[in-house]
Amino acid sequence: MDRLGRPCVHLTVLSVVYALFVVEVTCGGLGVAELSLNGVWALRNSNGSLSLSAGVPGCVHTGLQLHGVIEDPYYRFNDLAYRWISLDNWTYTVSFPLSDSVRYVSLGSKRAVLVFEGVDTVSTISLNGVIIGKTDNMFRRYDFEVAGLLKDVNILEVWLMSAVTYASEKRQAHTAYSVPPECPPVVQKGECHINFIRKAQCSFSWDWGPSFPTLGIWKDVRLESFDTLRLLSFVPSPKYDTVLSGWTVEVELFFDVAVASKGIVLLSVPQLQSAAKFQLSLMPGQSNASFVLHISQNVTVDLWWPFGHGQQPLIKLLIDISIEGGETFHAERLIAFRTVELVQEPILESPGRSFYFRINGQPIFLKGSNWIPAHAFQDQVTADRLTQLLVSAQMAHMNVLRVWGGGIYEQDLFYSLCDQLGIMVWQDFMFACALYPIEQDFIQSVREEVTQQVRRLKSHPSVVIWSGNNENEAAIADNWFSIPHEQRQHYVNDYVHLYVENIRQIVQQEDSTRPFLVSSPTNAVESEKEGWVAHNPYDPHYGDVHFYSYVTDCWDWRKFPRTRFASEYGFQSWPSFSTLRKVTVPADWDFGSNFSSHRQHHNLGNIQMLLQALLHYILPNNTDPVQRYRDNIYITQVMQAQCVKTQTEFYRRSRSDIVEGKGHTMGALYWQLNDIWQAPSWSSIEFGGKWKMLHYWAVRFFSPLITVGVEDNGDFLLYAVSDLNVDCILKVKLYRWNSFTPQCSLESDWTKVKGGGVTQMFQCPVSKLLTDCRKCTRHTCVVIFDVSGQGDVVRSPTNYLFLSSPQDAEGLQKPKITFTVEEAGARFKVNLRCSSPALFVWLDVEDIPGVFDDNGFLMMSESYTVFFTAWRVTTLKEVVDKLHITSLRDIY
Ligand code: BMA
């Protein structure tokens with residue numbers, strides 16, 4: 001364990017993960033010839049004025065940028081300057097000869113299919129001048145028959161229509177009634193009618209993101225040809241059979257069959273000494289088969305656990321198919337064994353229902369955050385970027401991420417990494433903050449999307465829940481779009497049709513191994529009772545809650561709803577100067593600049609941040625404008641970290657309480673983990689991967705064992721919140737703001753801290769605590785505390801409670817902080833010395849990617865050591881040159 005209470009091994013996880021994620025499906029066989037059409041294609045705009053080459057998978061923006069036709073779309077105001085790209089139509093073309101290896105199958109074979117794993121979004125596709133199909137949903141794979149059209153040299157053309165134009169045309173054609181919202185709020189500078197197109201809903205802008213309505217071929221393209229059959233997908237799903245008291249793996253096989261065939265399927269899990277053979281009989285057309293492999297009861301099945309609760313064993317399942325006539329197929333897939341239940345049952349002394357996850361029979365408190373797309377241009381989300389973000393989440397002890405419904409169904413690697421890291425996934429379907437049309441073609445497309453995505457993701461143990469949409473139940477219930485009362489039922493009916501009669505119906509038919517929720521937030525079973533749109537979907541007695549309040553004092557925990565499950569809450573901050581610097585010029589470095597308001601997509605966001613900060617801190621007043629700008633960034637990060645900490649600690653300590661009928665909170669997922677570009681947002685990790693202060697604090701407040709201090713009715717209370725069963729001792733110290741020597745210390749007796757519970761460790765009137773301590777006052781002293789187990793094997797991160805705002809701290813001086821840096825193996829050791837206690841000491845190495853093992857801390861000792869792990873090669877000199885240190889008193 002390190003001093004933040006986390007196992008030190010996490011700092012090395014990154015390299016382990018890189019080594020791990022290569023194990024995936026290997027396909028081939030069954031007489032299918034495959035020709036990948038990924039690579040360099042030609043790209044031109046509608047009038048031919050632009051003609052260049054572009055990568056597939058990829059998008060127009062990336063292509064234009066690579067050729068220098070445009071500069072970085074994220075630079076300054078370029079999102080507006082480059083609006084023309086999304087308003088134009090574009091054509092991708094590729095010419096491909098049929099090489100000898102594929103020719104003998106393709107040209108003469110019975111079937112040839114062009115497979116597009118993902119087209120963004122609206123396209124007409126032709127091969128050798130013949131239209132072979134159209135697309136209108138970026139979340140679907142499309143297969144087009146091309147047998148008979150192939151030649152020695154082929155021209156494949158994908159004509160992409162502007163998504164903005166398409167959405168608008170669809171809206172204009174929808175005359176019977178309106179489907180709001182028409183347009184995003186003006187402050188978002190976005191495009192209209194995103195709800196009419198099956199495309200990432202945030203691509204037309206969001207309150208943290210730019211409007212880049214991309215066009216492109218964003219996933220793989222290939223030609224498959226065959227004579228007998230091809231395997232479309234195979235989906236293993238481990239399941240616990242309660243009747244047999246044993247594990248099974250159901251494997252569904254989806255075929256496209258040219259000629260009726262018979263064969264044999266062999267399923268095996270060698271590690272668990274389990275194998276079985278099955279007869280396969282397939283009729284022409286789309287033909288499915290499903291087999292159940294019983295796992296041997298003579299072996300112990302190691303269960304997959306969420307991070308922090310056990311290991312994540314991933315076990316190889318092998319599948320071998322042999323078809324009469326000699327065709328064969330072999331593939332491997334990693335599977336894992338775990339059960340998941342969403343428990344909604346009555347709670348003693350509390351109206352409503354519980355809402356928590358039971359994994360392998362154990363109630364688990366979900367600690368985590370919400371995930372948004374990591375880039376507006378998905379082709380730029382590299383494996384490194386993704387790995388870094390997910391490892392960062394795990395380093396902050398997160399065991400869950402919610403893949404939010406306004407983005408995309410993530411790439412396969414995302415889920416494989418979550419499987420390996422023990423990060424559970426709450427998977428939304430891609431609908432957010434809007435009502436949707438329910439015309440037949442739209443529903444049909446959604447049905448196909450949902451079926452494909454469930455089949456693609458179902459075998460991942462990390463995915464623990466499906467959820468229909470983001471905030472659309474709330475949008476109707478709270479009438480966000482001012483729908484006249486007499487029309488309300490009509491919209492409720494549409495809502496039920498889309499999410500219940502279609503999406504839910506498909507999910508339940510496709511996947512019986514995990515729960516489905518219609519919306520988030522929702523009252524879940526209670527919403528169902530009320531016709532799927534509850535009177536108040538934010539009811540803390542049921543389901544999950546999203547809660548935001550920017551103007552109330554975030555230090556006051558009484559203002560937070562004591563909900564069963566907090567799936568969204570948060571506060572904005574600005575990303576660091578080094579991150580912003582990449583997309584700005586000096587004229588932008590001011591909170592009052594056009595750039596600062598341009599990047600802020602949340603109405604009044606910039607002022608809200610400063611007003612919230614002003615409640616407890618003195619705002620920066622440096623006369624140097626650039627320094628003041630940097631200090632403003634710093635104070636927004638301090639404010640955000642403190643606000644989210646207070647709220648998260650409140651949720652964690654509400655785990656076992658019922659107060660006035662509310663409590664038993666079992667989840668805290670703050671909004672939001674990551675960023676899509678360099679802008680103010682609720683994220684704890686900046687675009688580019690740099691941790692904000694909040695992320696360093698998340699490492700602490702999500703630790704398996706934490707100590708939480710609160711003031712309630714004049715009393716000072718301390719709680720230990722623990723995921724582990726331990727005997728603990730509590731240590732409390734009071735420090736004066738002007739001294740490194742504790743004014744007094746207290747120690748509790750050994751107390752049993754219940755795993756999965758909250759234990760009150762200490763209670764005392766604040767007045768007594770202060771007067772007993774050499775006449776401390778609220779303004780002169782701060783309380784610092786932690787709990788630790790025998791021999792310090794477990795220890796909570798050191799925590800603190802301010803009894804007054806830092807702006808009123810008496811005796812807090814401008815500290816003089818000096819440092820030396822030395823190399824320490826693969827890390828850099830930073831030795832800090834400080835002249836007097838310092839608040840929120842922030843170490844920043846500009847654009848050197850990496851993490852400190854502690855940051856944003858209170859420095860209550862004269863010296864302190866932190867380590868920096870760089871995520872790229874760097875030198876001692878670079879680290880020394882770039883290291884800046886800021887603490888609260890430096891900004892005023
Ligand atoms: C929630 C999310 C997002 C949004 C965030 C911050 O409602 O679902 O729609 O970005 O709040 O406003």
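Residues 357-570 have end C-alpha atoms 22 Å apart, and the span is 35% helix and 16% strand, where helices (H or I, at least four residues) and strands (E, at least two) are DSSP runs numbered from the N terminus. UniProt lists these residues, in an unreviewed entry, as "domain: Glycoside hydrolase family 2 catalytic"; UniProt positions follow the numbering used here, feature names are shortened, and annotations may be inferred rather than shown by experiment. The model is predicted: local features need pLDDT of at least 70, side-chain atom pairs count only at pLDDT 80 or more, and totals for chains, interfaces and linings use all residues. Residues are numbered from 1 along each chain as its sequence is written, and side-chain values use heavy atoms, with hydrogens and water left out.

**A second annotated span**
- The unreviewed UniProt entry also gives residues 812-891 as "domain: Beta-mannosidase Ig-fold".
- The end C-alpha atoms of residues 812-891 lie 13 Å apart, and the span is 9% helix and 50% strand.

- Strand β25 (residues 366-371) runs parallel to β34 and is joined to it by 4 bridges; two strands pair if DSSP finds at least two bridges between them.
- Within this pairing, K367 stands opposite A668 in β34.
- The peptide bond from W671 to Q672 is cis, with omega near 10 degrees, and Q672 lies in the loop between β34 and α17 (693-701).

**Helix α16**
- Because 24 of its 29 residues are buried, α16 is largely enclosed by the rest of the structure.

- D120 and T121 are joined by a cis peptide bond with omega about -10 degrees; T121 is in the loop between β6 (111-116) and β7 (123-127).
- N360, although not a glycine, has a positive phi of about 50 degrees; N360 counts as buried because its relative accessibility is 15%.
- N713 likewise has a positive phi of about 50 degrees without being a glycine, but N713 counts as exposed at 74% relative accessibility.

Key
Buried < 20%, exposed > 50% of the residue type's maximum accessible area, 1.4 Å probe, protein only.
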